[in-house]
Amino acid sequence: MAFYNKIIKKSIWVFHVSASPCNNCDIEILDLITPGYDIERFGIKLVGSVRHADVLLVTGIVSYKVAPRIKQLYEQAAKPIFVIGIGTCTAGGATFKTSYNKAGVPLEKVIPVNAYVTGCPPKPEAMIDGVLKLLGTLK
Amino acid sequence: MSKCRIPLGPFHPLLEEAEFFDIKVEGEKVVDIEMETGWMHRGHEKISETRSYTQSIFLVERICGICSTSHPFAATHAMEDIDNVEIPERAQYIRIFIGEMERIHSHLLWLGLAGHFIGYDTLWMWTWKYREPVLQIFEKVSGNRNHYAMFRVGGVSRDFDNALIPEIHPVLDMLEKKMLMIAGAAKDDPVLRSRLKGVGVLTKEDAINYCANGPTARASGVDIDVRRDDGLEYNLINFDVIVLPNGDVYDKLVLRVLEIIESVKIARQCLDAFPKIGGDYLNKVKHISPGEGIGRYEAPRGEVFHYIRSDGSNRPLRHKIRAPSFSNIPTYKASCLGIPLADALITLAAVDPCYCCTERSIRVVDKNNKKLEHNLLTMSREKTANIKKAVAGSEKTPIDRIFED
Amino acid sequence: MSDKGTEFFEKFQDKITKVIKKPKRIYFNVKNEDIWEISDYLSNTMGCRLSVCTATEVYDGLEVLYHFSDDTTGIYYSPRVKTGLKNPEINSITPLIEGANWIEREMYDLFGIKFKGHPDLKKLLTINNPHFSEDDHPMRFNRNRTKEK
């Protein structure tokens, strides 16, 4: 495990899961890979399949319909996998806390979570900071 | 030929958002598409009945992060429609400015993703690079990059700082120049042209029958624009409504580029007006009387519709919301059938629903010729040159054409 | 109001009741039997576009408000149809206007109003959702809640 953690810090591949968000955190995540921020400089890369990923970025309140699929995605991912909840929605529901279609507020109800980055939406700098802080805790 | 069923989604590398498409194909031809919605359902209409009017505005802002000014715009219109509230002139200009800057950033976002869908990643990186300064303007004006929270019943919640005007003008100049460049590229680039021209045609009759609106309808020759038809704030501004006749994906792309240029002109008119018009920016409304009101606004994707029924208390009795994609997405039934599968994806994306991002990679080895990727690159360059001769009839590249102008 | 609007109200004056007029918004009540004819006139003769329909639960029943937008003048014509709380049923206008398909499915989903003559009436937003059974309509006040596990 220690060996793996040493390697994963060099270059992490993230997979983006959108689970009933307002689309705002999603476009900020996409913003990260475009020339404005360009996180590929740090070796962080957005991948198309969950099987290639080291970190899952989950956004939004998880609705009842999408919750079983999120569990499936988590089971499909190669372990160890780290989960980061992006946005206040995943941590506390934000403005949707009284919604009738929320299954995952907080996200721990659905899948295990390693870190939350709060904000509505969090700034791209905050997301980079969140990912790097999570990596800092690995030994 | 036997039919084959291709399920797409809900979590698929092609789709940024969870959405499920059930595509039936015969060979490469799409014969039927069914779509299953409900993955993103959050129940805004029910939540809004438990919030006060001021809180409702911040709630509807979070329907969509990309058009997060359009929904408050329409919701405040609906609340003001009940009592015929008058809005101070300065507040009207601030509203228009925020709305038009949002249209610019939303259309740039779509342009980039459309480029990504057809495998033209350069366009994606370019347009998102030009989008970044727009978001920085939002941060300076309102304090946040995406949810601006500028709207209140009877005006706006914070004033515009006139000291920012000299910083904004260069960004608008840059955007206009770059959009002319992209319009030139769309006009001259043979690859872009042959990939988009005549693809996914939505005829005028279908657009009317499916009640399409916004850029989807305007690219099919239907002349509707809520900004002009409903008036209100936009009576202060001179602008043109752009209508194109063909209804294919190419026209939708060109229409959005031209609309960005038009929005830049509107934003300039607002910036010119700000120093001349002082005074109050909020007409405080303490009570909304019983009744019903309809408000609408031309969002980047089409007409946003809000209906509010009040019983005189501090909360809405019923708050109906209709986003433009709700009317525009069903048009895939008219535009996607009978076209190849590869074109269906850009056609689905052309109405600008809120899903995005394609991931594609291909590695081909021909066993007989032993051709590898670098050979493919040469082959593709040769093919581009051939298409260029066939389609454009001229040897000039887009960059040459721009330098000529 | 435009000439077309005056003509419309003269033609259907015995089928329209309770007209509320504002400068750009007109609300009026019609009966369930007449909604097809009135939608036909508004959309095909006057060239209006169906924006959306609003279903509302009020104390004595359910009502559906159709919003037809006349894009040349910016006026909204909103016919209102009322129905009872038990077994609500309204005539569908989907065979007339293709754009009403999803709108009626959404109202069936959230309020449980059945549209007679709709080609494919099934839930739109809570379809295949394990938390909502077939007769659970989340916007109703007395909702048939699915039992939580």
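What follows is a conversation about helix packing, chain contacts, chain dimensions and some backbone details.

Modeller: Gladly, and please keep in mind that this is a predicted model.

Colleague: Then let's start with chain B. Why are H2(B) and H3(B) called roughly antiparallel?

Modeller: The axes of helix H2 (residues 53–61) and helix H3 (residues 70–83) of chain B come within 8 Å and cross at roughly 150°. Angles over 145 degrees count as roughly antiparallel, and H2(B) and H3(B) are therefore given that label. The crossing of H2(B) and H3(B) is right-handed.

Colleague: Which residues of H2(B) and H3(B) meet?

Modeller: From H2(B) come B:Tyr53, B:Ser56, B:Ile57, B:Val60 and B:Glu61, and they meet B:His71, B:Pro72, B:Ala75, B:Thr76 and B:Met79 of H3(B). Sorted by class, this contact of H2(B) with H3(B) has 6 nonpolar, 3 polar and 1 charged residues.

Colleague: While we are on the backbone of chain A, what is omega for the peptide bond from A:Lys79 to A:Pro80, and where does A:Pro80 lie?

Modeller: The bond from A:Lys79 to A:Pro80 is cis, with omega near 0°. A:Pro80 is in the loop between helix H3 (67–76) and strand S4 (82–86) of chain A. The peptide bond from A:Cys120 to A:Pro121 is also cis, with omega near -10°. A:Pro121 is found in the loop between strand S5 (115–117) and helix H5 (124–136) of chain A.

Colleague: Now the whole chain. How do you know that the radius of gyration of chain A agrees with a compact globule?

Modeller: For 139 residues, a compact globule would have a radius of gyration near 14 Å, and chain A has 14 Å, so the value agrees. The C-alpha atoms of chain A fill a box of roughly 45 × 30 × 25 Å along the principal axes. Buried residues make up 50% of the 139 residues in chain A. Among contacts in chain A with a separation of 6 or more, 80% are between residues 24 or more positions apart. Chain A has 5 helices and 5 strands, in the order α-β-α-β-β-α-β-α-β-α along the sequence.

Colleague: What about the radius of gyration of chain C?

Modeller: With 149 residues, a compact globule would come out near 15 Å; chain C has 16 Å, which agrees. The C-alpha atoms of chain C fill a box of roughly 60 × 30 × 25 Å along the principal axes. Buried residues make up 40% of the 149 residues in chain C. Residues 24 or more positions apart account for 48% of the contacts in chain C with a separation of 6 or more. Chain C holds 3 helices and 7 strands, and the pattern along its sequence is α-β-β-α-β-β-β-β-α-β.

Colleague: Finally, how many residues of chain C are in contact with chain B, and which element gives the largest share?

Modeller: 25 residues of chain C are in contact with 27 residues of chain B. On the side of chain C, the largest share, 6 residues, comes from S3(C). By class, that side of chain C has 11 nonpolar, 10 polar and 4 charged residues.

Colleague: And how many residues do chain B and chain A bring to their contact?

Modeller: That contact takes 33 residues from chain B and 31 residues from chain A. H5(B) gives the largest share of the chain B side, 4 residues. By class, the side of chain B that touches chain A has 17 nonpolar, 7 polar and 9 charged residues.

Methods: Residues numbered from 1 in each chain as written. Chains lettered and ligands numbered in written order. Predicted model: local features only at pLDDT ≥ 70, side-chain atom pairs only at ≥ 80, totals over all residues. Axes fitted to C-alpha atoms, helices over the stretch in contact; angles between N-to-C directions. Helix = DSSP H or I, 4+ residues; strand = E, 2+ residues; numbered from the N terminus. Parallel < 35°, antiparallel > 145°, perpendicular 65-115°, else oblique. Left-handed = near helix turned anticlockwise from the far one by under 90°. Contact = placed C-beta atoms within 7 Å. Nonpolar A, V, L, I, M, F, W, Y, C, P; charged D, E, K, R; others polar. Rg over C-alpha atoms; globule rule 2.2 N^0.38 Å. Buried ≥ 20, exposed ≤ 12 C-beta atoms within 10 Å, placed from the backbone.
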